[in-house]
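Have the sequence and the 3D structure open side by side. We will go from one chain boundary to the next and then look inside a chain.

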Amino acid sequence: MSRASRGDAERPARLSVRKTYKLFIGGAFPRSESGRAYAVSSTKGDFLANASRASRKDARDAVAAARKAFPGWSGATPYNRGQILYRVAEMLEGRRAQFAAELDGVPSKKAGELVDAAVDRLVWYAGWSDKIGAVRGAANPVAGPYFNLSSPEPTGVVAVIAPDEPLLGLVSVIAPAIVTGNTCVVVASERAPLPSITLAEVLATSDLPGGVVNILTGFTGELAPWLASHMDVNAIDLTGVTDPDLARRCEGDAAENLKRVLRPKPSDWSEEPDLTRMTAFLETKTVWHPIGV
Amino acid sequence: MFEYAPAPESRDVVDIKPSYDLFINGEWVESLGYERIKTVDPASEEILSEVAHATEADVDRAVQAARKAYDEVWGVLPGRERAKYLFRIARIIQERARELAVLETLDNGKPIRESRDVDIPLVAAHFFYYAGWADKLKYAGFGERPRPLGVAAQVIPWNFPLLMLAWKIAPALACGNTVVLKPAETTPLTALAFAEICRQADLPPGVVNIVTGAGDTGSALVRHPDVDKVAFTGSTEVGRLIARQVAGTGKRLTLELGGKAANIVFDDAAVDQAVEGIVNGIFFNQGHVCCAGSRLLVQESAATAVLDALKRRMATLRLGDPLDKNTDIGAINSAAQLAKIRELSDAGEAEGAERWAPACPLPERGYWFPPTVFTGVAQSHRIAREEIFGPVLSVLTFRTPAEAVEKANNTPYGLSAGIWTEKGSRILWMADRLRAGVVWANTFNRFDPASPFGGYKESGYGREGGVHGLEAYLDV
Amino acid sequence: MTTSLVDVASSDATLRGFLHGLPGVDRVGADQRAAALATRSIKTAAKAHAIDLAISMVDLTTLEGADTPGKVRAMCAKAVHPDPTDPSVPRVAAVCVYPDLVADAVRALSGSGVKVASVATAFPSGRSSLEVKVADTALAVAAGADEIDMVIDRGAFLAGDYRTVYEQVAAVKAACGAAHLKVILETGELATYDNVRRASWLAMLAGADFIKTSTGKVSPAATLPVTLIMLEAVRDFRERTGRVVGVKPAGGIRTTKDAIKNLVLVKETAGEDWLTPDRFRLGASSLLNDLLMQRQKLTSGRYAGPDYFTVD
């Protein structure tokens with residue numbers, strides 16, 4: 001009789017090591033400063049994990065981290081940003097099985113397809129980094145001796161209320177915001193926040209500078225208004241706000257510093273996107289210079 | 001002494017009626033309300049005319065007319081036909097350029113030199129430019145069949161009355177929308193003249209509707225439930241209110257708001273042209289310009305030389321009768337605006353900045369403010385932060401390019417900026433870092449219909465002009 | 001002159017350093033400023049004043065290979081009495097001729113107050129030795145010229161040999177004695193406004209009493225922006241040194257409107273101090289009759305016809 005077989009009989013089944021789902025702020029994984037968490041359940045009602053329940057102060061810290069990251073990220077070359085987004089896609093591909101398993105309530109074949117779509121979405125946006133300027137910029141033929149060039153520039157810090165489609169939808173709102181040089185603070189799906197933190201692990205290992213993407217889990221109704229009214233946030237994506245009253249309130253609060261607002265709109269995440277998610281968070285800068293000897 | 005004799009442009013070319021109604025559905029119709037607004041010549045305080053103060057019910061009639069015109073005529077008209085209407089309008093504006101220039105100067109107070117050489121030519125150019133787009137929209141990069149939005153509610157300011165009308169109406173019509181436009185309370189006359197031009201062009205009734213009035217009229221227009229699009233140019237304060245009103249309605253919104261632009265002069269600048277640029281930046285149109293270069297950031301090593309040259313140049317500015325062809329600085333548009341300029345200037349002095357203005361006799365009647373420069377201004381002073389919207393320049397100094405960028409961007413606004421240096425790489429380095437929608441390098445206050453204009457941050461969103469300007473009026 | 005400027009010409013390096021340290025000129029901005037000033041509307045009394053001022057600033061010029069003593073005498077008569085029917089018309093500032101005709105001009109203008117200017121220094125190309133240029137100057141001065149209009153060596157200037165240009169101007173200035181020296185930059189060959197500014201300063205540093213745009217033999221000649229830049233130069237030079245240098249646009253100024261635009265430039269750039277024939281001249285020939293016709297229109301209220309003005 002081998003020792004092994006004897007041991008198998010005597011030892012209890014191995015207890016797995018669970019992951020603590022924390023926030024993702026400035027490239028680090030802190031717990032909510034509030035110490036709060038909320039129980040996340042499966043679609044069948046089983047307990048999955050406790051997610052951090054971010055507070056307004058966590059949102060504030062995330063905005064500060066995003067602001068700090070903005071000069072470096074917006075100043076990076078488009079080629080560099082494209083490379084990093086592609087790297088995120090590579091890392092996601094490598095964890096395909098993990099994400100598929102984490103997509104609660106989705107049959108495994110479908111889950112695999114959603115992860116594939118998320119990877120492809122990242123690749124699609126990665127390629128835009130050094131093309132959007134050519135497509136959305138212009139050499140303007142003005143009636144005078146001037147060189148006149150318009151080029152798109154990132155708006156700044158974008159608050160993103162992510163949709164309930166926990167991976168594909170999440171990737172589909174983050175990638176267009178950051179590929180052009182914005183930094184963002186994302187409020188993950190309240191119902192299904194766990195993949196967002198796993199995605200954060202991917203982001204953290206993809207050469208993405210800390211603070212470019214910050215992810216908060218918690219209650220949308222609690223966090224969104226603070227981000228909508230934050231005077232150092234330049235734009236807000238309300239895609240994930242399903243309550244029309246909350247959407248109206250957030251849009252109204254966003255008026256205080258004239259944030260650019262992307263209004264909620266039903267989206268089919270499986271379809272190939274157009275440019276609007278990128279252009280919503282782009283400014284056009286036009287530079288004039290005389291032409292003379 | 002070689003003194004210029006008065007050279008007034010003749011008023012005979014304009015025929016101002018004592019009273020104007022509203023322009024709705026191609027007709028002049030009486031307001032349903034009784035209130036009238038008097039519009040005055042700010043240079044003489046003479047009452048030029050009185051116009052209707054449109055009520056909510058008037059606005060409703062105008063929106064209904066625009067909706068009907070959109071559904072039945074304009075929205076289904078082929079682009080090439082829309083184009084021809086716009087070309088017609090452009091031509092009529094050119095034909096009536098002299099008249100429009102004089103009318104603009106009378107109602108607004110701006111020098112005839114500017115209305116004649118800048119405003120009206122740009123108005124015609126804007127209609128020409130967007131006329132050409134009307135049948136080429138599928139090439140603009142917004143898809144194969146970009147659709148118009150519907151009825152556009154447009155509210156414009158008093159600083160460039162007809163030019164702002166052109167910036168609003170030309171792209172809206174080119175894209176297939178119909179409009180209800182409210183001109184500013186103090187400068188309605190050229191918009192009403194434009195209504196006549198629409199009739200001369202045989203523009204179908206209801207495509208353009210002009211409702212005169214005050215803030216409540218504008219508010220009623222913006223709030224109207226059958227409006228698909230709101231476009232506003234004016235103060236950030238009002239822009240904020242409109243953004244709040246529009247929240248949750250799904251109406252599209254573009255805003256062109258205030259500014260506090262930095263005009264940055266390095267010690268290697270072409271100093272004579274820089275001085276012209278500073279002067280043009282802040283004294284053009286009495287400083288009633290949202291993109292005015294109201295903060296001069298001058299490199300400390302060149303500050304004395306630049307300021308001496310600037311003051312010498314300011315002493316040659318000619319303030320007075322706006323209709324005089326040699327006038328450089330006209331009248332402040334209204335008593336209220338004059339009071340605001342005075343209040344902020346007094347605050348500048350109280351905060352310790354040093355005020356200077358050339359010897360400049362002001363006419364007795366009318367609203368006037370001399371070209372003024374404040375030196376020793378700090379970022380913390382109100383005159384370095386708040387939009388004065390008058391001929392008042394705040395001068396600050398900097399030591400390094402990075403400091404210039406930091407100070408230039410240290411404002412909630414982000415409409416425009418100026419850079420003056422003979423070094424090309426520095427221009428591009430600065431232009432990259434300035435958070436402003438328009439960056440003028442070695443020039444200032446240049447406008448062209450082909451060039452997009454609009455701000456970052458609290459200077460608003462959306463662009464007017466160029467291919468970018470189409471996006472504001474297309475369902476994309 | 002301040003010490004720093006005395007030292008400027010002491011070596012090639014210091015001269016180059018100084019000239020290239022002058023602020024640049026943005027062409028588009030300068031063109032726009034000149035164009036804006038050209039829109040000034042000068043009417044009625046102001047126009048009458050400007051026309052007489054312009055007449056008094058004219059350097060009536062003939063610089064043809066076919067010039068003769070008879071041609072010069074006729075022009076001198078016109079210079080003294082531009083309109084023989086109207087004694088209130090002022091005389092012109094000077095006549096401008098080739099050196100060999102100076103003596104004829106001096107005789108014809110004796111006692112009139114009209115100055116005699118002569119081009120010199122291998123005009124118009126300036127392509128000769130310094131000895132020849134000095135001799136050319138001496139010839140004109142000896143014949144009684146009050147003013148010498150020299151040309152700079154544009155080749156040397158464009159080759160960056162500023163010191164040569166400086167030395168030639170200084171040598172000619174010395175040869176002028178009591179005669180005033182106008183230095184022709186031939187701005188049409190200098191190509192850039194930066195060069196116009198540098199050449200202006202170079203001429204002033206070397207002793208020019210006037211800086212002059214052009215020979216009239218090269219196009220473009222006196223454009224408004226070039227005159228503007230030269231006016232800025234004399235303004236800045238006075239501020240720096242206290243010395244006043246005059247400006248003379250020459251070539252291409254044919255109408256009263258052109259002349260008045262120039263006066264507006266002077267008034268609003270260098271200032272009223274320069275609005276005198278001692279400090280501002282208009283080098284021209286056909287301009288004078290247009291000034292006279294416009295003058296008559298103002299006094300008579302009728303448009304004038306060319307048959308009523310002399311062709312000399």
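Predicted model: local features only at pLDDT ≥ 70, side-chain atom pairs only at ≥ 80, totals over all residues.

Residues are numbered from 1 along each chain as its sequence is written, chains are lettered from A and ligands numbered from 1 in the order in which they are written, and side-chain values use heavy atoms, with hydrogens and water left out.

Start with chains A and B. Here 45 residues of chain B are in contact with 37 residues of chain A. Contact means heavy atoms within 4.5 Å. Together the two chains bury about 3,100 Å², with 50% of it on carbon and sulfur atoms. Buried area is the accessible area (1.4 Å probe) that two parts lose on being put together, summed over both. Three residues stand out: R244(B), R435(B) and H468(B) supply 17% of the area that chain B buries against chain A, more than any other three residues.

Charges meet here too. The rule finds five salt bridges across the interface of chain B and chain A. A salt bridge is a side-chain nitrogen of Lys or Arg within 4 Å of a carboxyl oxygen of Asp or Glu. R244(B) forms a salt bridge with E256(A), and their closest N and O atoms are 3.5 Å apart.

Which elements of chain B give two or more residues to the side that touches chain A? They are α8 (236–246), β10 (252–256), α14 (424–433), β17 (438–441) and β18 (460–461). Helices (H or I, at least four residues) and strands (E, at least two) are DSSP runs, numbered from the N terminus. α8(B) gives the most, with six residues. By residue type, this side of chain B divides into 21 nonpolar, eleven polar and 13 charged. Ala, Val, Leu, Ile, Met, Phe, Trp, Tyr, Cys and Pro count as nonpolar, Asp, Glu, Lys and Arg as charged, and the others, Gly among them, as polar.

Strand β10 (residues 282–290) of chain A and β17(B) pair in the parallel sense over three bridges. Two strands pair if DSSP finds at least two bridges between them. Look for T286(A), which stands opposite V438(B).

Now turn to chains A and C. Each gives six residues to the contact. They bury about 470 Å² between them, 61% of it on carbon and sulfur atoms. In chain A, Y146(A), P290(A) and V293(A) lose the most area to chain C, together 76% of what that side buries. The side of chain A that touches chain C has five nonpolar residues, one polar and no charged. The count of salt bridges between these chains is zero.

Next, find K267(C) in helix α13 (residues 256–269) of chain C. Is K267(C) buried or exposed? K267(C) counts as buried because its relative accessibility is 15%, and buried means under 20% relative accessible area, exposed over 50%, partly exposed in between (1.4 Å probe, protein chains only). K267(C) touches F2(B), E3(B) and Y4(B), among others. A polar atom of its side chain lies 3.0 Å from the backbone oxygen of F2(B).

Finish inside chain B. Three strands form an open sheet in the order β1-β5-β4, with mixed pairing. β1 (19–20) and β4 (36–41) stand at the edges with a single partner strand each, so one side of each is left without a neighbour in the sheet. β1(B) and β5 (residues 46–52) of chain B pair in the parallel sense over two bridges. There, S19(B) has E50(B) as its bridge partner.

How values were computed
Polar contact = N/O pair within 3.5 Å; in protein donor to acceptor, adjacent residues only side chain to side chain. Lists of a residue's contacts leave out its neighbours within four places in sequence.
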